[in-house]
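Welcome! Let's take a friendly walk through a protein model, one part at a time.

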Amino acid sequence: MFTQYYSSRARVSEALRRLGERRAVATALRRFSRLKSSLSKRLDLEALAERLSEARRRTLAQLSELVKQAAESLEENGFQVHYARDAREARRIAEKLVEPGSLVVKSKSSAIEEAGIAEHLRSLGSEVYETDLGEYAVQLARSHRAHPIVPALHLSREKIAELVSMDVGYKVPPDPREITKAVRRRLREVFTKAGYGLTGANFISAEEGVIALVSNEGNIRNSTSLPKTHIAVAGLNKVVRDLDEGLLVIRALAPFSIGSRLPSYVSLIAGPSKTADIELETVVGVHGPSEVHVILLDNGRSRAWDLGVEEALCCINCGGCLNECPAYTIAGRAYGHVYKGGIGVVYTALTEGLEKAVEAGLYLCTTCGRCVLSCPCRINTPALVERLREAAARRGLMAEPHYRWLSPPRELQDDKPLEEQLPL
Ligand code: SF4
Ligand code: SF4
């Protein structure tokens, strides 16, 4: 009855012992909040959030039609579209597309992690390289990302230097510039040899049939243009009505997550590389990929309406809610699973079920509501968490202290401390 709750408690206790990591996470979150509040003096973030949340809700109301329209528009533009009902199907599709033993360059993507695609391809003999510096460090540490935008938030520069040194085969000093130089040199070689680029998508526009990806490092450009095949994996809820809505997503991502204005690179991809320069005959595959596949991942998202948590599908995965979340500040990556924080717990319920959501921290949320104020889509995460708690309670998945409060009342004795007598 309490197995999942105990497991969540054990994860948090373990996280509380990682003092260095807790300090790093708390410092980074405070910094993002400061940067965001100083940016808000120059940018009207409230107006942006209002427009974005309205657009996301309009899209949500017609999501299934827009997903169909997106698939048609993408195919018209030469993409090959695959629909995966669950993570297993997504892995199967990826397995058919990537020859075993290949070299794959991968960008940071929660959808790829959610479906376990990279591990699956590795198990079939392919080498899959993380190309985002933070993810690369997390991969070397055999750890898990701590934040959707800054995955190695929990690793110190000394730790990253040590890991990179082992990978490149020479001593790299614990200096961010030197580490970056070493990683750049190492991955440059990999980019030129890779046969496949595996990425997520920040949005997919239904009207124009375009996928968009953002990055600060430039790794997305290399992953989507150097290999002969590009495979993008995205949750169904990454579909937006049109490029106008997509641009609102792009404009909100960096300010709400890390308090910076825009990501350095925004890539809009409208099909495979092609030319018609020779007598107007179209040849596919010039300098960029000749094949671009899009795997549209459902994996429980269509069940969101049954659980009454469909609002979660408006999420753009910016991580802004984490900056203000007291539970995440204390528990860090122990709060959530693939997706972090309260919204991460909601996604865990959709993609892996309620038991896993309890394990991921369904009972950690204080329902303080701070995340609602910091969300560019104004998602009411505490309300969604409460709905899931209700569903969990119906299934007997309670938090043990709550259950203890149900025990019959006893008469209090004056000679015993109160905490020994109350079921705290
Ligand atoms: S309501 Fe829950 S998820 Fe939101 S900030 Fe508070 S503790 Fe975090
Ligand atoms: S819930 Fe809102 S703030 Fe949190 S990741 Fe999603 S869009 Fe960003």
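## Around the two ligands

We begin with ligand 1. The residues of its shell sort into 7 nonpolar, 6 polar and 2 charged. Here Ala, Val, Leu, Ile, Met, Phe, Trp, Tyr, Cys and Pro count as nonpolar, Asp, Glu, Lys and Arg as charged, and the others, Gly among them, as polar. There are 15 residues around ligand 1, of which Cys325, Gly342, Cys365, Cys368 and Cys371 come nearest. A residue is near a molecule if its C-beta atom, placed from the backbone, lies within 6 Å of it. Two or more residues of this shell come from each of α15 (326-331), α16 (341-352), α18 (370-373) and α19 (381-394). Helices are DSSP runs (H or I, at least four residues), numbered from the N terminus.

Ligand 2 also has 15 residues around it, and Cys315, Cys318, Gly320, Cys321 and Cys375 come nearest. Its shell holds 10 nonpolar, 5 polar and no charged residues.

## How to read the model

This is a predicted model, in which local features need pLDDT of at least 70 and side-chain atom pairs count only at pLDDT 80 or more, while totals for chains, interfaces and linings use all residues. Residues are numbered from 1 along each chain as its sequence is written, and chains are lettered from A and ligands numbered from 1 in the order in which they are written.

The protein is divided into domain 1 (3-41 + 303-404) and domain 2 (59-299), with bounds taken from an automatic or database domain assignment. Their C-alpha centres are 25 Å apart. Across the boundary, 26 residues of domain 1 are in contact with 26 residues of domain 2; contact means that the C-beta atoms of two residues, placed from the backbone, lie within 7 Å. On the domain 1 side, α2 gives the largest share, 9 residues. That side divides into 14 nonpolar, 7 polar and 5 charged residues.

## The nonpolar core

The largest nonpolar core has 124 residues, and among those touching the most other members are Ala90, Val233 and Leu297. Such a core is a set of buried Ala, Val, Leu, Ile, Met, Phe, Trp, Tyr and Cys residues joined through C-beta atoms within 7 Å. Helix α12 (residues 243-258) supplies its largest share, 7 residues.

Note on methods
A residue is buried if 20 or more other C-beta atoms lie within 10 Å of its own, exposed if 12 or fewer, and partly exposed in between; C-beta atoms are placed from the backbone.
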